[in-house]
Amino acid sequence: MKKMIALVDCNNFYASCERLFQPRLHNKPIVVLSNNDGCVIARSDEAKELGIEMGAPSFLIESILQQHNVSVFSSNYTLYGDLSDRVMTTLSQFADQLEVYSIDEAFLNLTAFRQHNLTDYAHTIRNTVMQHTGIPVSIGIAPSKTLAKIANRLVKKRNKQLGVYCIDTMQQMEHALKNTPVKDIWGIGGQYTKLLTRHGFNTAWDVSRAPEEWVRKNMSVMGQRMYNELKGTSCIAFEDMPPKKKMVCVARGFGKVLSEKNEVMEALANFTAMVAAKLRSEQLATNTIQIFVQTNAHRSNEPQYFRSLTIHLPEATNSTNELIRYARKGLETIYRPGYNYNKTGCTAMELIPAAEVQYNIFDKENRVRNSKLMNVVDVVNRSFGKDAVRFALQGFSTRWKLRQLKLSPCYTTRIDEVLTIKI
């Protein structure tokens with residue numbers, strides 16, 4: 001039996017999350033900025049119509065934002081992650097097999113529902129997600145993941161209000177492929193786009209009609225798989241469990257340049273603490289961390305400096321106090337006075353499940369105490385707000401913190417983050 005796969009994609013997800021808590025912003029332009037409020041990472045349809053590009057530096061478009069009264073939000077990944085979980089939980093009710101592809105996308109295996117009208121079924125999914133979460137979604141349905149991606153793109157480009165496009169006939173497949181440029185095929189990067197267009201393959205339809213021997217000779221195994229998927233043969237298996245992370249990184253720019261070592265250390269300690277908290281939330285530990293400092297490359301009139309350091313830990317850990325201690329030693333090595341620093345960060349690598357850490361008999365750390373301490377820190381910070389408990393090196397200064405524009409407030413919807421006071 002031929003598979004039928006749906007790709008459910010949240011529309012302008014970050015912007016939709018912010019709009020959910022401020023209904024007055026319905027049909028108003030919204031943009032969401034990156035971690036350091038440096039560039040645009042999400043736009044509502046109204047903001048797109050103003051010509052605001054994805055990745056546009058915020059300082060270059062401030063006049064446009066003010067002129068058109070665009071609501072600007074600093075990214076709130078706690079909120080986005082929570083709403084994403086709600087969307088995925090809702091979607092899991094409509095299929096036996098669900099693959100969470102990204103924070104705002106998921107594949108559903110609808111093969112068992114072929115006896116239903118899949119377009120009507122998709123509308124039911126779409127309406128239910130809206131009712132349960134308030135997040136609008138678009139759904140593309142096709143015999144393969146690649147075609148489902150194309151169907152989803154087509155409905156978002158041509159008729160987002162309809163919200164559903166199902167490829168279940170050869171005519172619909174041909175229409176979708178002919179209206180998809182090569183560069184928009186899932187998995188086709190810049191180099192393959194150049195290769196294909198150079199040989200006269202300008203659309204997905206052209207690629208699907210290419211000689212199979214030419215594809216096998218000029219493209220990798222992934223190219224062969226993509227070719228078969230475009231012809232309606234499902235070749236990409238479902239992943240029931242998302243793969244474990246290979247690294248965790250927190251690296252951000254400062255609100256203003258810093259020249260004092262203690263200020264740079266404070267920022268690095270905070271970013272390292274974020275890395276440690278992420279590792280614990282994923283039940284992972286790291287064998288290696290890498291830290292770096294850098295100046296602002298755009299200030300060509302100032303001396304430039306970049307240095308990174310990889311630190312191999314004696315034992316894998318996810319304890320904030322340990323990781324900050326190693327980060328501090330590393331900064332002592334790479335820091336140089338006389339420079340204006342604008343960014344630092346910490347990356348945890350060589351990750352393993354925390355339950356599988358094997359400790360050395362000569363290990364001097366009190367692991368039981370550290371584990372209990374980190375558990376208390378996480379519980380308190382979830383209950384009373386981020387950084388309610390912090391280590392001394394994280395400090396209380398705000399000089400390193402991120403530049404703020406006219407930003408709207410952030411919200412949370414997690415019940416365990418609502419503080420209850422009994423009198």
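In this tour, contact means that heavy atoms lie within 4.5 Å of each other. The structure on screen is a predicted model, in which local features need pLDDT of at least 70 and side-chain atom pairs count only at pLDDT 80 or more, while totals for chains, interfaces and linings use all residues. Residues are numbered from 1 along each chain as its sequence is written, and side-chain values use heavy atoms, with hydrogens and water left out. The labels H and S stand for helices (H or I, at least four residues) and strands (E, at least two), which are DSSP runs numbered from the N terminus.

**Stop 1**

Axes here are lines fitted to C-alpha atoms, for helices over the stretch in contact, and angles run from 0 to 180 degrees between N-to-C directions. To see where they touch, show the side chains of Thr320, Asn321 and Glu322 in H13, which meet Arg367, Asn370 and Met374 in H14.

**Stop 1: the sheet**

Now select the five strands that form an open sheet in the order S5-S6-S1-S7-S8, with mixed pairing; two strands pair if DSSP finds at least two bridges between them. At the edges are strand S5 (98–102) and strand S8 (164–166), each of which pairs on one side only. From one strand to the next, the twist averages 15°. Strand S7 (residues 137–142) and S8 run parallel and are joined by three bridges, and if you label Ile139 you will see that it stands opposite Val164 in S8.

**Stop 2: an enclosed helix**

Next, select helix H1 (residues 13–20): how many of its eight residues are buried? Seven are buried, so the helix is largely enclosed by the rest of the structure. Buried means under 20% relative accessible area, exposed means over 50%, and partly exposed lies in between (1.4 Å probe, protein chains only). The buried residues of H1 are Phe13, Tyr14, Ala15, Ser16, Cys17, Glu18 and Arg19. Their packing partners include strand S1 (5–10), strand S2 (30–33), helix H2 (45–49) and helix H4 (77–91).

**Stop 3: salt bridges**

The structure holds 14 salt bridges, each being a side-chain nitrogen of Lys or Arg within 4 Å of a carboxyl oxygen of Asp or Glu. Begin with Arg153 and Asp184, whose closest N and O atoms are 2.9 Å apart. This pair links distant parts of the chain, 31 residues apart, since Arg153 is in helix H6 (residues 145–158) and Asp184 is in the loop between helix H7 (170–178) and helix H8 (190–198). Asp184 counts as partly exposed, at 26% relative accessibility.

Move to Lys178 and Glu174, whose side chains meet in a salt bridge (2.6 Å, N to O). Both of these residues lie in helix H7, four residues apart, about one turn of the helix. Lys178 is partly exposed at 43% relative accessibility, and Glu174 is partly exposed at 30%.

Then select Lys261 and Glu332, where the side chains meet at 3.0 Å, N to O. Lys261 lies in helix H12 and Glu332 in helix H13 (residues 320–334), so the pair ties together parts that are 71 residues apart in sequence. Salt bridges that share partners also join Arg153, Lys183 and Asp184 into one network.

**Stop 5**

Most residues other than glycine have a negative phi. Which way does the phi of Gln283 go, positive or negative? Gln283, which is not a glycine, has a positive phi of about 55°, and its place is in the loop between helix H12 (261–281) and strand S10 (284–295). Gln283 is exposed, with a relative accessible area of 59%. Finally, select Glu350, which also has a positive phi, of about 50°, although it is not a glycine. Glu350 sits in strand S12 (residues 341–353) and is partly exposed, with a relative accessible area of 46%.
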